[in-house]
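The sequence and structure come next.

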Amino acid sequence: MNSRYEQLIKKDFFDLKGHDTNIRREVMAGLIGFFTIVYIIAVNSFILSEAGLPLDGAVVATIVTSFAGCLIMGLWANAPILLVPGMGINAMFTYTLVGSMGMSWQEALGLVFISGILFAIIAFTGLAGVLNRAIPQSLKEAITVGLGLFLIFIGLEKGGLIERGTNSIIELGNLADPAVIATLLTFLIAIVLFLRNVNGHFLWSILAGTGFAALFGVLPVKADAAPAISSYGDVFAAMSFDGILSAAFVVGTFSLTMVVVFENIGLVQAHTVSSGHPEKFKKAFQANSVSAMLSGLFGTSPTVSTAETGAAIAAGGRTGLTAIVTGILFLASLLFLPFIHLIPDNAIAPVLLIIGGLMVQNVRNIDLNDPTEAFPAIFLIAMIPFTQSIADGIAFGFILYPLLKLSSGRGREVAPPLYIIAFLFLLNFAVNLI
């Protein structure tokens with residue numbers, strides 16, 4: 001039995017020899033990948049809890065979803081790509097779908113599930129290529145930049161560096177407040193560790209931030225710190241489809257699908273190329289879509305092919321065994337659930353600021369010399385943080401793009417599917433005005 005199992009691992013399934021790797025290297029790559037991305041458990045859970053999910057339930061949902069995503073990627077695509085709930089997309093779940101659109105978190109989970117089904121249809125057919133060609137690169141990049149600015153805004157607010165004053169006007173926070181001082185010190189540690197490319201830099205910065213909070217006496221106080229894993233029962237399969245026919249649900253589903261599809265097209269393509277196996281793109285993209293769909297069932301925002309996968313690939317990960325090792329470690333992290341309540345906002349905020357800053361750097365990929373490309377992208381970017389709605393920001397950009405192309409006599413540069421998308425967004429705005 002042991003020899004058969006060893007043969008399955010070594011050759012028949014993962015084809016380690018064909019990928020010029022071995023079990024030890026794959027396990028180490030999975031371990032490094034885990035410590036690079038484990039911060040997502042705390043960060044994603046806290047963002048989801050602001051939508052109304054019980055914190056313990058959100059933690060378990062994040063862990064279970066990450067485990068399942070990595071397992072699906074490893075078994076279906078045999079690729080060393082790590083699937084976890086995505087930053088920016090979780091903000092869209094909490095602050096746009098629930099906050100701006102007024103959905104319950106249960107309805108938002110239903111929306112994630114439907115969006116995942118659409119993602120899977122796109123991934124398992126030729127629609128991925130059609131959409132990828134139809135949406136201009138400037139708008140794709142603008143979505144990432146807008147999400148980044150939104151994360152920076154959330155991080156600044158969560159860290160106390162800005163606050164809502166009278167009439168909700170944004171003001172500078174009290175820099176003498178101990179919690180704000182803890183945020184600034186944590187950010188300094190986080191940015192230094194990041195710039196020095198220390199393995200697990202976000203994890204270490206979160207631990208440092210928790211230490212600063214203890215030092216300044218601003219650790220979270222919870223009457224019952226015992227883990228309530230049973231609360232996951234309130235989150236698992238809690239999807240609601242009551243508002244499925246509403247305009248908000250339809251627009252939210254479309255917007256989320258666009259964000260998830262385009263973000264993952266780029267990420268999966270980059271990871272399969274860097275691992276030396278671009279031919280795995282199709283199956284990896286399909287695995288990603290199934291994982292995104294299951295995210296709604298498990299109780300979290302959609303998964304993405306995380307950028308931290310690069311650390312696992314750099315460590316030698318070449319097959320799905322790397323992803324499976326990371327997934328198993330996620331599952332084992334359930335043992336540390338009691339400690340999640342000790343993590344303060346000042347430990348989470350710097351992570352949001354740095355990730356947001358990285359996403360904003362994509363602005364360099366936008367052609368600012370062409371006004372018909374630049375202005376739709378700029379308005380999309382600006383509208384996301386200013387309206388606190390990712391869906392509205394995307395809508396403005398997608399409507400403005402064909403309008404400017406038509407007005408400048410360059411309407412043929414716009415793909416027919418984009419005209420349809422713009423019309424649907426415009427129709428939604430018109431319906432809301434009536």
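In which loop does Asn-197 lie? Asn-197 is in the loop between α9 (178-195) and α10 (201-215); helices here are DSSP runs of H or I with at least four residues, numbered from the N terminus. This is a predicted model, in which local features need pLDDT of at least 70 and side-chain atom pairs count only at pLDDT 80 or more, while totals for chains, interfaces and linings use all residues. Residues are numbered from 1 along each chain as its sequence is written, and side-chain values use heavy atoms, with hydrogens and water left out.

**Backbone angles**

Asn-197 has a positive phi, near 55°, and is not a glycine. Its relative accessible area is 61%, so Asn-197 is exposed (buried is under 20%, exposed over 50%, partly exposed in between, with a 1.4 Å probe and protein chains only). Ala-237, also not a glycine, has a positive phi of about 55°. Ala-237 sits in the loop between α10 and α11 and is partly exposed at 41% relative accessible area.

Helix α11 covers residues 247-274; at 1.5 Å a residue its 28 residues should span 40 Å, and the end C-alpha atoms are 41 Å apart, which agrees. The expected span is 1.5 Å times one less than the number of residues. After α11 comes Gly-276, with a positive phi near 85°.

**Salt bridges**

The whole structure contains seven salt bridges, each defined as a side-chain nitrogen of Lys or Arg within 4 Å of a carboxyl oxygen of Asp or Glu. Among them are these:

| Pair | Closest N to O |
|---|---|
| Lys-158 and Glu-50 | 2.5 Å |
| Glu-373 and Lys-405 | 3.0 Å |

Lys-158 forms a salt bridge with Glu-50. Lys-158 lies in helix α8 (residues 137-158) and Glu-50 in the loop between α3 (39-49) and α4 (55-77), so the pair ties together parts that are 108 residues apart in sequence. Lys-158 is buried at 12% relative accessible area, whereas Glu-50 is partly exposed at 43%.

Lys-405 is buried, with a relative accessible area of 0%, and Glu-373 is buried too. Glu-413 is partly exposed at 45%. Asp-370, Glu-373, Lys-405, Arg-410 and Glu-413 are linked in a network of salt bridges.

**Nonpolar patch**

Ile-117, Leu-118, Ile-121, Leu-127 and Val-130 form a nonpolar surface patch with about 350 Å² of accessible area together. The elements giving two or more residues to this patch are α6 (105-123) and α7 (127-134). Patch residues have over 30% relative accessible area and no salt bridge; like charges are joined within 9 Å, and nonpolar side chains (Val, Leu, Ile, Met, Phe, Trp, Tyr) within 5 Å. Areas come from the Shrake-Rupley method with a 1.4 Å probe, and for residues only the protein chains shown count as cover.
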